[in-house]
Every structure is written in C-alpha cells, then in structure tokens.
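Let's take a walk through a protein model and look at how some of its side chains meet.

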Amino acid sequence: MSIRMCLRALVSAAFAIVLIAGQSDKAWAAAVLLDSKEIARREEAKQADRAAREAELKTLLDSLSTAPTIGSNAGSNGQKRVALVVGNNDYAELKDLDKAVGDAGTIADALEGLGFTVTMLENMNVDDFDVALSAFYESIGEGDIAFFFYAGHGIAAEGVNYLLPVDMPEIKPSEVRRVERNAIDATRIVSEITARGAQLAFVVLDACRDDPFPQHDTRGASRLGGLARMTPDPGAFVIYSAGTGQTALDRLSPQDEDPNSIFTRKFHSILTTPGMPIVEIAKRTQVEVKALADRVRHDQAPAYYDQVIGQFYFRNPEPKLYGLVIGIDEYNRAQQLRGAVNDARWVAGALRDAGAADVIEITDRDARPQFIEFAWKRLVDQAKPGDTIVFSYAGASSHENVEGKPEEPDGRDEYLALADFDWNVLHQAGERPEASAVLYDDVLTGWMEKAAAKNLNVILVVDGCYGGGLLDREFANVSFIGGSAEDEVVLEYEVAGEYHGIVSALFSDAIDGAADRNSDGFVSQKELFAHIQARTFDYVGFDQTPQFFPAVESSSTDLALFRIGSAKAPKE
C-alpha cells in the first residue's frame, strides 16, 4: 500500500505536529499563572467545544451518506421536453428593443440541442400570445419538462407581473387596470404549466429592461415598475434577467455588437453545460452576468426563485478530470519547507489513479510564472464545458497591504510564492516581490475568468498561509479550498514518516474515494468540502481552519466535480 493510501488508516492515530515555517525561538512575552480550578474549567470548556463541533461535523457527514445519488433523478427518464420561446422587439406604442428577438433565437437553438420540441415566436400581439400559450399548455403532459422563455418588456402592477405584447398601449400608472386587459399575467403561466403535472416548469423572464412607460404621472408612478418577486408553485423554477429594482442591459456599450443581451449571452452557454443542476445554472448565470455588468459599473444580478424538489439536469454529469499540481519546498536556492513537494506527489498520483485525462506536475525550480501559465492554458484548451480542472498549490503564500485598489476590499494583495521568491522582501517595508517570483491574486483571478468563460469547473486548492482571500471576485464555477483563514499560518505535519500539509493530504485522499459518502462513484462539491473540513478537525482541532467558497453549508450536493474508483472519466 502506498504512503498516500495509508492516510485513511491513520484516522485515529496521533500526528506528530512539526512547525516548519518561520517560528521565533523567543519565549512568550508574558505568562499568566492560573489556579488549578481555572485550568480545569478552561479545559472542560475546550473539551465541550470540541465535542459540540465533532457532533456537528458527524451530522453533516451522515446526511451526505443518505444524499440522492448523482443522476438518480436527472430528468433523463424519457419525459417529453416542450418549450415556448417568445421575443418581442417591435412595439407599436412603447420603446422598441434591439435584442429580444435575437435572444429568443439563441435560446431556441440551445433548447433544441437539449432535446426540446421548441415553438419560437416573435413580436406577438396579445391575442396571438394567448393562442400560443393555450397551445403550449395543451402540449404538456404528466411528468413532462416544460420550458418558457420570454424576452421583451415587462412590468409589475399591484404586485402582479405582466409580460407586454407588442400592441400594448402606452398607459399611465393611474390607468393600471388597463394592464390586465392588454398584457399577459406571468404568474398564471407558471400555474398553468404546473397544473398540467409537469415534473419541471422552468420559466425565464428577460423582461426587466428599459422603462416602457417613460411619461409617468408622478402621483401614481410607484405603482408601475420592473418585475416583482415571485413565489412560484411547487415544481417551478423561475429566473429573472435582473434583480429587484435593476434594469437588464442589452449591451455593454454602443460599440458592443454581440447579438444577445448581457443575460442571454451568459445564460445560454451555462444552460447547455453538462452536469449543471438547475440551481447551479441560476447561480452561475447570476455571478457571471453581475461580473460582466460590473465592467460598465452597472448593477445587474439575475434573481431566481426555486420550488423544485430533488435533482434535475438538462444534460447529465460526465466530467473529465485534469490537474495542474504545484509543490515548492526550495525557495531562492534555500530549502524552506519539507512537505510541499510530497503534497504535489500525492495529489498528482491521486488524480492519475482517478483517470485524469492530463496531469501536469510542477515542483521547486520549475515553478515559474510562464511555465505555470502555459500549463494552465493547455488544460483550459483541452477541457470541455462541464469538465473539472484541479489547480493545487502547496507552498508558501502571503499578502501585502495596498491602497487605492477597489478590487481589494480587504486592503491586501494576496500571492503564491514561487521558486525565485526572496524571503527578505517580507521584512522590508514598502518592497514588493518581483513579478517573476509570485502569482498575485489578480493573475489567478484572470485565469479563473478564462475557465468561467468556457464553463469549466475548477477546484482551486491553496495549501499555504493566509489562503482565504486569494481571488478578487466571486466565481460560481470555482470550488475554492484554502488551507487556512487569512490570519492563520499553515503547519506541516509528519504523516507516515514524511511531511505534508494536512489539507493537501486530505484532498488526495478525497480524490482516492474517501469523500464519496453515498458511494455513487461521484464526488460532489459538498462531499469534497465536508470531507476536508471534518477530517482536518479530526486531526488538528481548532488549530487550523480551512476556508471554503462557497461556504460548506451552501455548497452543492448535486454538482458532480469528478468520478472516483472504477468509475473513470469518459473517453472521447
């Protein structure tokens, strides 16, 4: 049995803890003398805290053992898939739109690729819209999958959401009752679909665009506005292209010639990515649309409302696995650590055993920015939407204080230290490391954006000090594991006769299969996070606090990151 595989046998064994990174030999500045009763009280409280935490983590692991297996309710059991897609550009009395019809065409093509029978209509008046909806409802049978997409003007009047046909007359807020007679009640669409017994009613409303009634009388202006919150019926999932009080951008600038709106250009590719649970589709669209709109300082974050119980995938998970694994012990020709290269060897070995399509292992003097960037680009180029790339780093990391960088709300530039890193820089006020000696958080953020644009899953593992704040923006496609909180150092531990970082060791163990709590051959995001969180606490208690993004409690049990054991990644 390899040393790496021995880790599971050491769950109840004692670890010899050895601090490798810069510890001072000075004694504590002060000591507090405590009487025996106070010592006993503190020890009792410490043990109570530990017992409570152990119970909490055991409950988490037990719940994952009974979680539905990936694909057990994946929406691939022969149900009929039907869709109605509507785009309205050309309004008789309201402001015309530029891209609603184009958005509808893009979504119609995407849905056809997902096996839907699609009816696409454009520039619908109220009567034709009603007829099309009636036909759509009649096409839905028990257990079917129904998808409705609308791009065009929409408003909320007295708490009810309405979609506006192209013959909608211009009205004043004081004439709100006219809306009922001339528009389409969006809530009724959801209710009609679910009333037919559909397994899933997936409704997308890209209708939070420019104000369709610019000549409001001030008295009643508050009664008309963008779409309001919705509480859909059970079995329904509703996505809006923007949040409450926001408008959705058609384009980033007058020079933006993309045929689709900001929402659709992100949503359609995420929708068709294999292995996306429907909540994950919404989350990723929300995050990526927000990041795109932020480029022009516009607030737009799509909202979603979920009343679906259980799993659903438009395309089942089939992730291939790739790995870029970095371990650095030797810095500037002086050995500083003893376990980082061992960590890289374990993680790379676990990835290969799991059937990874390509694993690039970089250690010590080879760990230079150009080589790492070349390796990352190679993996991103190879991987396809829905695949998973592991970026694993074991070594030294740190941060420096910065001012005037709005992308650094914590006032810090975090970085990974590479082979040419000069440790003296840390002790020289105002000095910044050479660009060739570090990977800054903004560089890593740019690399993650490349993966997000291609809809790749990334597992980013940083087993170094201060690893909690390494990315400059939120990424829904990145499962982030930091070895410690931003104000903690990472220790190395002696495991079976050699040194390791505990998070790297547990990550390799997870890839080997220890994280597959429900034995379905997949490791989900929550299974991975829970395994590392719980086992780290088993070994070192409160001494080290791994960081996870998203937080463990909000991570996904349905997002399959990779296969394990005999369930190798599918071949071309």
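Phe116, Phe147, Phe202, Phe237, Tyr304, Phe312 and Phe314 come together as one aromatic cluster. For a pair, the ring centres of Phe, Tyr or Trp (its six-membered ring) must lie within 6.5 Å; planes under 30 degrees apart are called stacked, over 60 edge-to-face, and the rest tilted. The structure has 19 aromatic pairs. One of them is Phe237 with Tyr304, stacked at 5.8 Å centre to centre with 10 degrees between the planes. Phe237 sits in strand E10 (residues 236-240) and Tyr304 in strand E11 (residues 304-306), so this pair ties together parts 67 residues apart in sequence. (Strands are DSSP runs of E, at least two residues; helices are runs of H or I, at least four; both are numbered from the N terminus.)

Is Phe237 buried or exposed? Phe237 is buried, at 0% relative accessibility, while Tyr304 is partly exposed at 24%. Here buried means under 20% relative accessible area, exposed over 50%, and partly exposed in between, using a 1.4 Å probe and protein chains only.

Before going on, a word about what you're looking at. This is a predicted model, where local features need pLDDT of at least 70 and side-chain atom pairs count only at 80 or more, while totals for chains, interfaces and linings use all residues. Residues are numbered from 1 along each chain as its sequence is written, and side-chain values use heavy atoms, leaving out hydrogens and water.

Now for the charges. There are 20 salt bridges (a side-chain nitrogen of Lys or Arg within 4 Å of a carboxyl oxygen of Asp or Glu) in the structure. In one of them, Arg473 meets Glu288 at 2.8 Å, N to O. That pair links distant parts of the chain, 185 residues apart: Arg473 is in the loop between strands E20 (457-463) and E21 (478-482), and Glu288 is in helix H7 (residues 278-294). Glu288 is buried, with a relative accessible area of 8%. Arg473 also lies over the face of Phe475, 3.9 Å from the ring centre; that calls for CZ of Arg or NZ of Lys within 6 Å of the ring centre and within 35 degrees of the ring normal.

Over residues 215-223, though, pLDDT stays under 50.

Terms used: pLDDT is the predictor's confidence in each residue, from 0 to 100. Contact means heavy atoms within 4.5 Å.
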